[in-house]
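I am opening a notebook on a structure that is new to me. These entries keep to what I looked up, one topic after another.

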Amino acid sequence: DVYVLQQPEITKLNKLQEGLMGNLIVSMKNCPDQYVVVTPATNDNTVRKKLESCCVMLIEMPIKRPYHTAFMKNVSEQMREYYDKELEYNEKPKVPVYSCLTGKRITTKSEVKNEMSTLMESNVDFERAVFNMKKNI
């Protein structure tokens, strides 16, 4: 299952993550007040109730795929093969390009290929990317 947590209490979320022994993955940090988490699909509401206790609002996403987690590694491998053949990149873009994985500026074709091919299996940190973009304006 995939959930969006609004205003999560990070200490509670970390404790829940430890208690679920790797069965709760923070796949995206969109901003300080919004996280996306992935959990194994269950027929009971145990995990959902625990997540609700960690945040102001919990939204269950209609998409059930574990994007931005290691469960998508096979997709990343397919993307890597595709980008080995098809990727073009202007190494002197008019607008700076930043990684939504690391928040760092991307300047080479190799970095773009790595970013695009690992995006599906890696955790996203939009907050860091936006912070760095803003800092470099």
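**Salt bridges.** I began with a definition: a salt bridge is a side-chain nitrogen of Lys or Arg within 4 Å of a carboxyl oxygen of Asp or Glu. The general idea behind the search is that side chains of opposite charge can pair when their charged atoms come close. My search of the whole structure found 9 salt bridges.

**Source notes.** I note that this is a predicted model, in which local features need pLDDT of at least 70 and side-chain atom pairs count only at pLDDT 80 or more, while totals for chains, interfaces and linings use all residues. Residues are numbered from 1 along each chain as its sequence is written, and side-chain values use heavy atoms, with hydrogens and water left out.

**Overall layout.** I counted 5 helices and 7 strands in the chain, taking helices (H or I, at least four residues) and strands (E, at least two) as DSSP runs numbered from the N terminus. Read from the N terminus on, the elements run β-α-β-β-α-β-α-β-β-α-β-α. The C-alpha atoms fill a box of roughly 50 × 35 × 25 Å along the principal axes. Of the 137 residues, 36% count as buried, where buried means under 20% relative accessible area, exposed over 50%, and partly exposed in between (1.4 Å probe, protein chains only). I also looked up contacts, meaning heavy atoms within 4.5 Å, and found that residues 24 or more positions apart account for 67% of the chain's contacts with a separation of 6 or more.

**The start of the chain.** Where does Asp-1 sit? I found Asp-1 in the segment before β1 (2-6), and it counts as buried because its relative accessibility is 14%. Leaving aside neighbours within four places in sequence, Asp-1 is in contact with residues including Val-37, Pro-40, Glu-60 and Lys-64. Asp-1 also belongs to a network of salt bridges that links it with Arg-48, Glu-52, Glu-60 and Lys-64. Within this set I looked at Lys-64 and Glu-60, whose side chains meet in a salt bridge at 2.6 Å, N to O. Lys-64 is partly exposed, with a relative accessible area of 44%, and Glu-60 is partly exposed as well, at 35%.

**Two other salt bridges.** Lys-113 forms a salt bridge with Asp-84, the closest N and O atoms being 2.6 Å apart. This pair links distant parts of the chain, with Lys-113 in helix α4 and Asp-84 in helix α3, 29 residues apart. Arg-128 forms a salt bridge with Asp-125, where the closest N and O atoms are 3.2 Å apart; Arg-128 is partly exposed at 42%, whereas Asp-125 is buried at 12%.

**Helix α4.** Which residues of α4 (residues 109-118) are buried? I listed Val-112, Glu-115, Ser-117 and Thr-118, and I noted that the buried residues of α4 pack against α3 and β6 (105-106).

**Nonpolar cores.** In soluble globular proteins, nonpolar side chains tend to be buried together. I used the term nonpolar core for a set of buried Ala, Val, Leu, Ile, Met, Phe, Trp, Tyr and Cys residues joined through side-chain atoms within 4.5 Å. The largest such core has 14 residues, and those with the most contacts inside it are Leu-5, Leu-13, Leu-24, Val-37 and Leu-51. To this core β1, α1, β3 (34-38) and α2 each supply at least two residues. A second, separate core of 9 residues includes Val-4, Met-28, Val-36 and Cys-100.

**An aromatic pair.** For rings of Phe, Tyr and Trp (its six-membered ring), I counted a pair if the centres lie within 6.5 Å, with planes under 30 degrees apart called stacked, over 60 edge-to-face and the rest tilted. By this rule the count comes to 1 aromatic pair. The rings of Tyr-82 and Tyr-83 have centres 5.3 Å apart and planes at 70°, so the pair is edge-to-face. Tyr-82 is partly exposed at 48%, while Tyr-83 is buried at 15%.

**Backbone and loops.** Gln-7, in the loop between β1 and α1 (10-19), has a positive phi of about 50° although it is not a glycine. His-68 likewise is not a glycine and has a positive phi of about 65°; His-68 lies in the loop between β4 and α3 (73-86).
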